Amino acid sequence: MSRKHECIAMLLAGGQGSRLGILTKNIAKPAVPYGGKYRIIDFPLSNCVNSNIYTVGVLTQYQPLELNDYIGNGSAWDLDRTDGGVHILSPYQQIKGTEWYKGTANAIYQNINFIDRYDPEYVLILSGDHIYKMDYSKMINFHKEKNADCTIAMLEVPWEEASRFGLMLVNEDGSISEFEEKPKNPRSNKASMGVYVFSWKKLRAYLLDDEANPNSSNDFGKDLIPAMHNAGERMFAYAFDGYWKDVGTIDSLWEANLDLLNPQVDLDLTDSSWKIYSKNPVTCPHYVADTAKVQNSMIAEGCEIAGEVDFSVLFANVTVEEGAVVRDSIMMPGSVVKSGAIVQYAIVAENAVIENNAVVGKRPEETENKDEWGVAVVGAGVNVGKGAVVAPKAMIGEDVKGAE
Amino acid sequence: MRANNVLGLIFSNTYDHYLNELTAMRSMGSVPYGGRYRLIDFQLSAMVNSGIGKVGIITKSNYQSLMDHVGNGRAWDLSRKNGGLFILPPFNTSTASGIYSGRIEAISNAMDFVSHSDEEYILMTDCNTLYNFDFAEMFRQHEKTGADITIAYINGVAPKIVELAELETDDGNRITGISRSRSGVESNYAINVYLMRKALLERLINEAMSLGYHSFTMDILLKNIDKLKMYGFKAPGYVRMLDDMQSYFEANMSLLDSDNRKALCLSQPVYTKVKDDVPAIYGLNSEVKNSLIADGCVIEGQVINSVLFRGVHIGKGTVIKDSVLMQNTYVGDNVSLNCVLADKDVVIKPGKVLSGDKTFPIHIGKGIVI
């Protein structure tokens, strides 16, 4: 028995994030490290807590081990609660058989019993793929004011990028008149952020309908929301104004990390009134040696730096030896760059080792054919041998033999 | 001896007056150290790492910051149903005034807690000593030698602390003589880490109380040297006792040495209360050499041979040299600091110049604006 909760959140964290390649070989996308000490899922979880939502179901499916381990009992986000708290919801065996989550709507459908236990008025649907700071309570208030059945958070995106998003045409009163899914010639630049507030009774009914429909792909964006719209339910768009980034590709993940070093970018993680919580590593402060040169970078605790670091983000316990250079790069926890090695325009995943004099990545201005240029990625635990060269845009999942 | 059969007892206020300036508003245990820690972290972590599951912290005065820091003990995995963390504040009884005056009285005040614990052994430690060794080694030696009391010690130049026990031992580490340590003289001196059966401690304290004794070293240890089997345990690794502001300053600086850092902070995990700060941010023209920097720092200027705690801000054109700046120190633009020890929340306005000496750093009290 649980007391009634006005709103609970369901966080879709089952995505593979296949465009992140080897970075998500062994972990789900929401567990991908970001910003020196965080993982992507810290953002929606912290937003929930900061918005006074203390009951969160996290739906996992793809490679959940590390994610489950990371979330633990939720204490890092103050989500270890007697009433509510964080719950990991994986697909489970039922009397009619076993099913994976077939789509985003199906994932919620399979957990109707979980939601019913809290008897909420509203359900907030989130995804674990985005970096943003948002006060969900304002959106829920908007939903109430408009007496809406479904409210979708929207963001104005640059027109030239609009065709990559699910777009909405919005009336003056904020109601949604039309949806367009990744159109070639967009008529709107108002993109859906994948953040939804539903009145639970309505959503529950549509989930049952959607499941009964054999032609449905059981997806919120493709099936359930259009069905609600066609039936004339009250659908509203809630305008969000702030930093929001889908870190679905290597380039966008790299960019989103380096955005933290750009004072022009509207994402302030130092704001103590809206903290982003995470599991903090147990290590000592980082050490910068006499031989080091560190500029314009973000450096987490436990790092040992004796080389040159410029315009980069270093996670906990990274080692940059004397004479090594790291620039325009992301170094994930425990990775090592040995003396004489150069890492540039690259993402080096957890515990990877770049041996002496190896070169990872290339500056775009040094690349003749710009089509061949891209951010180089070294996978978790990979060893790049002495003097080896990792080309730009390469994605290395196996050890690379040394050239010396 | 199973470690979960050992009760931990930490004295959080002992020798407060040796670090007067830092303990004016806090207890020894909550004195910040090493960029992100409080002194008590080393005691709690070493106990937990050795397998101890129940720890009492004896407090005396100014323990608000300590309680805020340790909370329910979760950071040390001491928030438990069985055992866990207990804060033991002083209280008034018909026989004692509450505020105790020595170690014997302090233990006596905590005797209810000690007696009601199921553990057979007790390990007692202070907070002004920095180390990170495995107490389990000490437990093993205690069992092997069949000692009544095992006392951890190190060899070195004895600190200024009065009534520290100087030990004479035979080849088998059996203690054959105890005397008052001589400050500044190289010797084997005890670091106030004691292991014994709980029942023995209860008996010794009761006796001492009834006879009006005060000094644990002189009245209990020394007077029982022939009656009890006492053994010394030579504490391995990094061990430093803080006995004045200079030693505190130097202990912070000692972490700039990689071997010291590994020995004290990384040989076993040292847990502390987390602050969820952002990683440190280095600006366009920052220059940092031989320094220890915690999360939450923003560095726009120069930092050389210094320790910056969490959330320190260094302005543009500013030069920080040989200094220790505690949590949330805000240093404006074009400031020059040399050999400065700034307590928490200090603000140094733009253009100021402060210079101390390595042997006598300038201390700036908590929250002072210059």
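How many nonpolar, polar and charged residues are in the lining of the largest pocket?

## The largest pocket

By class, this lining has 15 nonpolar, 18 polar and 11 charged residues. Here Ala, Val, Leu, Ile, Met, Phe, Trp, Tyr, Cys and Pro count as nonpolar, Asp, Glu, Lys and Arg as charged, and the others, Gly among them, as polar. The model is predicted, with local features needing pLDDT of at least 70. Residues are numbered from 1 along each chain, and chains are lettered from A in the order in which they are written.

The largest pocket holds about 1,400 Å³ of space. A pocket is an open set of points on a 1 Å grid over the protein atoms alone where a 1.4 Å probe fits, with protein on both sides within 12 Å along at least five of seven lines; lining residues have an atom within 4 Å of a point. Nearest its centre lie A:T104, A:D129, A:K182, A:D219 and A:D246. Helix α7(A) gives the largest share of the lining, five residues; helices are DSSP runs (H or I) of at least four residues.

## A neighbour for α7

Helix α7(A) also packs with α6 (residues 200-212) of chain A, at an angle of about 115° and with axes 10 Å apart. Axes are lines fitted to C-alpha atoms over the stretch in contact, and angles run from 0 to 180 degrees between N-to-C directions. The contact residues divide into seven nonpolar, no polar and three charged.

Notes: This is a predicted model: local features need pLDDT of at least 70, side-chain atom pairs count only at pLDDT 80 or more; totals for chains, interfaces and linings use all residues. Side-chain values use heavy atoms; hydrogens and water are left out. Grid points are joined across faces, edges and corners, and a volume is the space filled by probe spheres set on the points. Helices (H or I, at least four residues) and strands (E, at least two) are DSSP runs, numbered from the N terminus.
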